[in-house]
Amino acid sequence: MQKKFMDYEHQNGVDPKDYYAPESGHPLDGFRQEYRDIAMKVVDLAHAEKGSER
């Protein structure tokens with residue numbers, strides 16, 4: 001997912017508006033939410049592994 005974002009950024013640049021509030025159908029539409037969800041899953045797995053679940 002990060003590589004896909006970096007490829008997009010290198011080819012098109014990233015306008016903050018498109019990153020934070022992309023229009024429906026834009027290649028970055030939903031990116032931040034999906035990335036956040038994946039990051040939180042990783043955090044939860046790390047907590048579970050260490051026995052310090054939230």
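## Basis and secondary structure

Helices (H or I, at least four residues) and strands (E, at least two) are DSSP runs, numbered from the N terminus. Histidine 47 is placed in helix H3. The protein chain has 3 helices and 0 strands, and its elements run α-α-α from the N terminus on.

This is a predicted model, in which local features need pLDDT of at least 70 and side-chain atom pairs count only at pLDDT 80 or more, while totals for chains, interfaces and linings use all residues. Residues are numbered from 1 along each chain as its sequence is written, and side-chain values use heavy atoms, with hydrogens and water left out.

## Overall dimensions and surface

The radius of gyration, taken over C-alpha atoms, is 15 Å for the protein chain, whereas a compact globule of 54 residues would have a value near 10 Å. The globule rule is 2.2 Å times the number of residues to the power 0.38. Along the principal axes, the C-alpha trace spans about 40 × 20 × 15 Å.

Accessible areas come from the Shrake-Rupley method with a 1.4 Å probe, and for residues only the protein chains shown count as cover. The chain exposes about 4600 Å², of which carbon and sulfur atoms supply 53%. Buried means under 20% relative accessible area, exposed over 50%, and partly exposed in between (1.4 Å probe, protein chains only). Of the 54 residues, 11% count as buried.

## Nonpolar patch

Met1, Tyr35, Ile38 and Val42 make a nonpolar surface patch of about 350 Å². Patches are made of residues with over 30% relative accessible area and no salt bridge; like charges are joined within 9 Å, and nonpolar side chains (Val, Leu, Ile, Met, Phe, Trp, Tyr) within 5 Å. Methionine 1 lies in the segment before helix H1 (2-12). Its relative accessibility is 35%, so methionine 1 counts as partly exposed.

## Charges and salt bridges

Lys and Arg count as positive and Asp and Glu as negative, with His and the chain ends not counted. The place of a charge is taken as NZ of Lys, CZ of Arg, CG of Asp or CD of Glu. The mean positions of the 8 positive and 11 negative charges are 3 Å apart.

A salt bridge is a side-chain nitrogen of Lys or Arg within 4 Å of a carboxyl oxygen of Asp or Glu. By this rule the count is 4 salt bridges. In one of them, aspartate 7 meets lysine 3 at 3.1 Å, N to O. The two residues are 4 apart in helix H1 and therefore separated by about one helical turn. Aspartate 7 is partly exposed at 32% relative accessible area, whereas lysine 3 is exposed at 57%.

Lys17, Asp18 and Glu23 are linked in a network of salt bridges. Lysine 17 pairs with aspartate 18, the closest N and O atoms being 3.3 Å apart, and with glutamate 23 at 4.0 Å, N to O. Lysine 17 has a relative accessible area of 43% and is partly exposed; glutamate 23, at 56%, counts as exposed.

## Residues of helix H3

Helix H3 covers residues 31-50 and includes aspartate 37. Aspartate 37 is partly exposed, with a relative accessible area of 39%. Its C-alpha atom is 20 Å from that of proline 16, which is 21 residues away along the chain.

Histidine 47, also in helix H3, is partly exposed at 27% relative accessibility. Histidine 47 and aspartate 29 are 18 residues apart in sequence, and their C-alpha atoms are 29 Å apart in space.
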